[in-house]
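Hi,

Here is the structure I promised to pass on.

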Amino acid sequence: MTVRPSGRPGTAASRVTVPWVRTRLRTAPGAAAALALLVAVTAFLAAALPPALDRYDERGMRRALEAAGPARTTVQFQTSDADVYLSDGPWEERLTREAVEGPYAKLLALPDRALPLDREQSSAGVRTTRSLKTADAYLSQPDGLPPVFHLVAQGGVAGHSRLAEGRLPKAPGDPGRAVSALEAAVTAGTAKALNIRVGSVVHFPRAEGDPLAVRVTGVVVPREPDGAYWSALPGLARPNLMVTQGPVPSQYWSGTLLLAPDAGPALLSVPGAPARYWTLAPDLTALQGRDLERLTSAVASLEGGPLLERVTTAVSPHLDVTTDLDAVLGEYDGLWSAVGPLVAVAAFGTGTVAALVLCMAGGLAAERRRAELTLLRARGASLRGLAGRLLAETAVVAVPAAALGLLAVRLAVGTGRPVQSAAAAGAVALIALAALPLRAVAVHRAVGVHTGREDVVRARPSKRRLVTEVTLLVVAAGAVLTLRTRGTSAEGDPTGDELVSLAPVLVAVIAALLLVRLYPLPLRGLARPARRMRGVVGPLSLARAGRAGGSTVLPLLALLTALTTAAFGGSVLAGVADARERASVFAVGADARVDDLDPRRTGVEDRVRRAPGVDDVTPVRVSYTALAGNVRVSLAGVEPDPYAELSGRVDDGAFDADTLRASGKDAVPALGSPALAERLGEDPFPVIMEDGDSFTARIVAVRTWTPALGADDFLVVDGSALRAGLEPPTGLLVTGDHPDAAALKKAAGGDAQVRLRSAVIDATVESPLQTGAERVYAAAVAAGAAYAVLSLLLTLLRAAPERAALLARLRTMGLTRAQGRRLLILESLPQALLAAVGGVLTAWAAIRLLSPGIDLTTVAVSTGAPAAGRALLRADRLSLLVPALAVVALTVGVAAAQAWWTGRRGAVRELRAGDAR
């Protein structure tokens with residue numbers, strides 16, 4: 001403000017001014033530093049979310065593409081038979097190296113930025129589209145069936161492989177239909193599997209004349225066998241073991257012979273339907289999750305749009321396009337559509353709490369300076385001028401702090417999504433800037449010196465407040481109803497609908513408004529009995545609690561929202577952990593599993609039982625080829641009592657041991673899967689084992705899952721009904737806190753396979769997007785708890801000067817230190833209990849109301865995890881109670897500390913005349 005000393009206007013003395021901002025910062029440096037720290041931390045958290053999500057999104061898409069493999073992610077163009085046979089010129093000209101490499105350069109340039117391509121891993125060439133049989137006896141024949149081959153003339157073999165033996169093949173002088181011999185190379189994997197060496201000759205029959213002789217001149221080792229160059233075409237880097245269809249399946253090898261790039265026309269000499277092909281491999285390092293829509297559009301255009309039209313114009317009208325990239329992108333889009341709305345719920349909840357805390361900080365500053373601002377208004381300061389001064393002094397602190405938080409994000413988290421990150425930090429700065437001026441304008445709209453007593457008990461809400469509360473109630477009810485019926489994801493928007501994401505916050509808003517209305521009722525009911533109490537502490541503390549100030553909505557709203565966000569996020573994390581535990585139990589059946597036991601080894605069960613970390617062992621005898629009636633089933637023989645106890649760990653598999661126990665007289669009782677029970681019915685049916693053992697069984701109970709066989713079609717019977725019993729068992733189900741895989745492997749011996757449930761839990765997560773969502777929720781829980789503590793401290797700090805003055809005055813009247821400590825604690829407890837109980841009830845109600853619309857399965861487990869059912873959101877007791885109890889404990893602790901500190905300082909300072917308290 002401008003200060004004019006005495007003197008005539010226009011003199012030098014009248015132009016002396018006091019710099020408002022610098023004076024205020026020097027007067028209260030601690031408050032300015034605290035505000036700067038709050039704004040910087042909040043801006044950091046707000047600005048860190050967009051780049052963190054961008055990083056998880058980028059890694060998630062890359063992981064999805066890598067997991068799908070080049071066979072699904074590459075875009076393959078291949079000419080049809082008509083390209084050769086309907087050609088006006090010689091057929092050989094359609095298969096030359098120039099006919100392949102000419103269109104190849106155009107294809108690489110067509111997608112441009114819409115679909116970044118990895119030129120190094122892309123490939124082109126000529127191949128036989130039909131497999132060629134050979135009758136050479138020296139080649140490996142697993143079940144007596146001769147192998148089949150594809151002849152491939154692909155460019156770039158020398159640059160993508162290392163020559164291990166021999167030399168690379170050369171094309172014949174006249175590669176055409178009349179060629180009688182060719183040279184080829186094979187990969188080391190093909191050579192080992194099919195018994196091929198340098199100098200071996202593979203003969204392929206032809207319709208006319210002698211067979212085509214292909215001599216192997218070299219063995220190559222792929223530099224990147226899992227890259228797109230070697231993996232896009234099946235059998236190129238390593239042969240595939242194929243299985244025939246029929247009643248008796250047989251195995252045979254399918255391999256590839258690598259010809260010289262110029263030998264394409266020679267493929268017309270064999271009945272392999274040769275064709276040109278071009279394989280375009282996407283550049284995984286250049287693909288971003290935020291470009292998903294653009295990538296999907298580009299792939300669709302290549303499959304049947306403008307890009308495909310340009311491709312056929314540049315290459316051939318007889319062209320086929322094959323890719324699963326659109327399906328892979330669609331699967332990832334589905335994952336993001338499930339994860340994004342859950343992240344939005346956490347972000348909106350924590351963001352609301354942070355905004356409320358910033359508003360409370362501004363309200364605390366306005367309350368501390370109430371007398372100063374009242375005096376300025378009384379001396380003629382306008383509302384605009386007062387708000388401008390307060391805005392300026394806040395901007396000097398808040399804007400650099402927000403910029404510092406944004407800079408820290410760019411250095412610590414990443415540079416992704418800069419616009420969204422800057423907007424988030426700017427929103428934090430804007431709220432911090434507006435909180436103090438707006439509160440001051442609202443309080444000091446009318447000029448006055450004295451204010452009336454603020455009393456919660458006697459305050460009566462206005463009609464305007466009633467309309468606001470009803471409006472919020474309607475909005476919250478609509479959001480909750482939408483979330484329950486539709487779920488978290490909005491159609492066409494993977495991040496969900498903003499109103500639905502705000503549903504937990506709106507529930508907290510309604511609870512806060514409701515509790516503020518109900519809060520005076522118990523205080524009024526306790527006021528009369530308290531007057532008859534002996535002593536002064538009880539009645540005085542109750543009276544003080546009722547006169548704690550009428551503006552308790554914002555602090556209570558901040559506390560309830562923070563507690564609801566923390567409990568909601570904690571319940572999400574607990575639900576994710578439970579879903580993974582359940583999925584691991586479904587996959588393994590126990591804490592550990594030992595399969596493929598050697599029947600010749602004795603005492604395996606006892607050795608495994610003595611292994612470290614093992615509490616109990618349940619033997620099982622499993623057959624995967626048993627015949628029940630006329631149906632092939634998986635059958636397990638077990639001991640009823642221990643197996644029933646093990647099955648009880650999951651509700652879907654629990655059963656009574658007596659139900660399964662065989663009597664030896666009637667049909668053997670069996671547990672069956674639902675599909676098998678429907679096919680076999682309730683009547684007895686014969687069971688034939690692979691060792692010739694047979695008995696009659698009857699399904700007496702139906703379960704969707706069983707530890708020994710998972711969730712497939714199964715039968716479980718008493719092991720005593722088997723002719724050989726359970727000796728020797730084929731597997732062991734191990735329970736224990738921390739079984740050791742190496743010790744179990746050593747105890748089982750041989751080629752036994754060991755699986756730990758703990759290892760399966762780690763394998764249930766397939767995408768960084770899932771782990772990222774989990775980390776965001778963990779950060780939301782931590783931030784919600786921190787802001788809850790901060791809001792509570794701000795509430796207590798607002799009343800701290802008045803409480804200190806009250807204790808000082810009461811001590812002059814004989815109040816002891818112990819009574820003063822009890823007074824402050826009892827005065828703070830009603831509001832603390834209100835916030836704690838209200839927080840628990842609000843969080844529980846929000847979870848119960850919103851759980852039908854929230855599915856945690858996609859966030860918790862991978863798509864290939866065992867079907868353990870849908871993982872729904874459930875209230876976690878620890879997440880509900882721990883934050884609420886922490887609020888009560890912190891309130892009591894702060895009140896006790898304030899009473900102790902005030903007692904040490906003495907009463908002289910607090911009783912100074914004119915002190916504004």
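Below is what turned up, going from the overall picture to single residues.

First, the ground rules. This is a predicted model, so to speak of a local feature I needed pLDDT of at least 70, and side-chain atom pairs count only at pLDDT 80 or more, while totals for chains, interfaces and linings use all residues. Residues are numbered from 1 along each chain as its sequence is written, and side-chain values use heavy atoms, with hydrogens and water left out.

**Overall**

The protein has 29 helices and 21 strands; these are DSSP runs numbered from the N terminus, helices being H or I with at least four residues and strands E with at least two. Of its 917 residues, 48% are buried. Buried here means under 20% relative accessible area, exposed means over 50%, and partly exposed is in between (1.4 Å probe, protein chains only). Take the contacts (heavy atoms within 4.5 Å) between residues at least 6 apart in sequence: 80% of them join residues at least 24 apart.

**Cores**

A nonpolar core is a set of buried Ala, Val, Leu, Ile, Met, Phe, Trp, Tyr and Cys residues joined through side-chain atoms within 4.5 Å. The largest one holds 144 residues, and the members touching the most others are Phe77, Leu151, Phe204, Leu257, Leu259, Trp278 and Phe568. Helix H10 (residues 325-368) is the biggest contributor to this core, with 19 residues. Apart from it lies another core, of 19 residues, including Val668, Ala677, Phe685 and Ile699.

Setting aside residues up to four places away in sequence, Phe568 touches Val345, Pro504, Tyr777, Ile847, Leu850, Ile854 and Leu873.

**Aromatics**

The whole structure gives 3 aromatic pairs. Rings of Phe, Tyr and Trp (its six-membered ring) pair if their centres lie within 6.5 Å; planes under 30 degrees apart count as stacked, over 60 as edge-to-face and the rest as tilted. One of the pairs is Phe149 with Phe204, edge-to-face at 6.0 Å centre to centre and 80° between the planes. Phe149 belongs to strand E4 (residues 148-154) and Phe204 to strand E7 (residues 201-204), so this pair ties together parts that are 55 residues apart in sequence. Both Phe149 and Phe204 are buried.

Tyr229 and Trp230 have ring centres 5.3 Å apart and planes at 80°, so they are edge-to-face too. Tyr229 and Trp230 are both buried.

There is also a charge over a ring (NZ of Lys or CZ of Arg within 6 Å of the ring centre and within 35 degrees of the ring normal): the charged end of Arg55 sits over the ring of Tyr56, 5.8 Å from its centre.

**Salt bridges**

I get 13 of them, a salt bridge being a side-chain nitrogen of Lys or Arg within 4 Å of a carboxyl oxygen of Asp or Glu. One of them joins Asp81 and Arg130 at 3.9 Å, N to O. This pair links distant parts of the chain, 49 residues apart: Asp81 is in helix H4 (residues 81-85), and Arg130 is in the loop between strand E2 (123-128) and strand E3 (132-133). Asp81 is partly exposed at 32% relative accessible area, and Arg130 is partly exposed at 48%.

Arg238 and Asp226 also meet in a salt bridge, at 3.9 Å, N to O. Here Arg238 is partly exposed at 41%, whereas Asp226 is exposed at 57%.

Arg593 and Asp595 form another, with the closest N and O atoms 2.9 Å apart. Arg593 is buried at 7%, while Asp595 is partly exposed at 21%. Finally, salt bridges that share partners join Arg72, Asp324 and Glu331 into one network.

**Two serines**

Where does Ser316 lie? Ser316 is in the loop between helix H9 (306-314) and strand E12 (319-322), and it is buried, with a relative accessible area of 1%. Its side chain reaches the backbone nitrogen of His318 at 3.2 Å. Leaving out residues up to four places away in sequence, Ser316 touches Thr79, Asp83, Arg94, Arg276 and Val311.

Ser623 sits in strand E14 (residues 616-628) and is buried, at 3%. Beyond its neighbours within four places in sequence, Ser623 contacts Val633, Ser634, Leu635, Met689 and Glu690.

Cheers

Terms used: A polar contact is a pair of N or O atoms within 3.5 Å; within protein, one must be able to donate a hydrogen and the other to accept it, and residues adjacent in sequence count only if both atoms are side-chain atoms.
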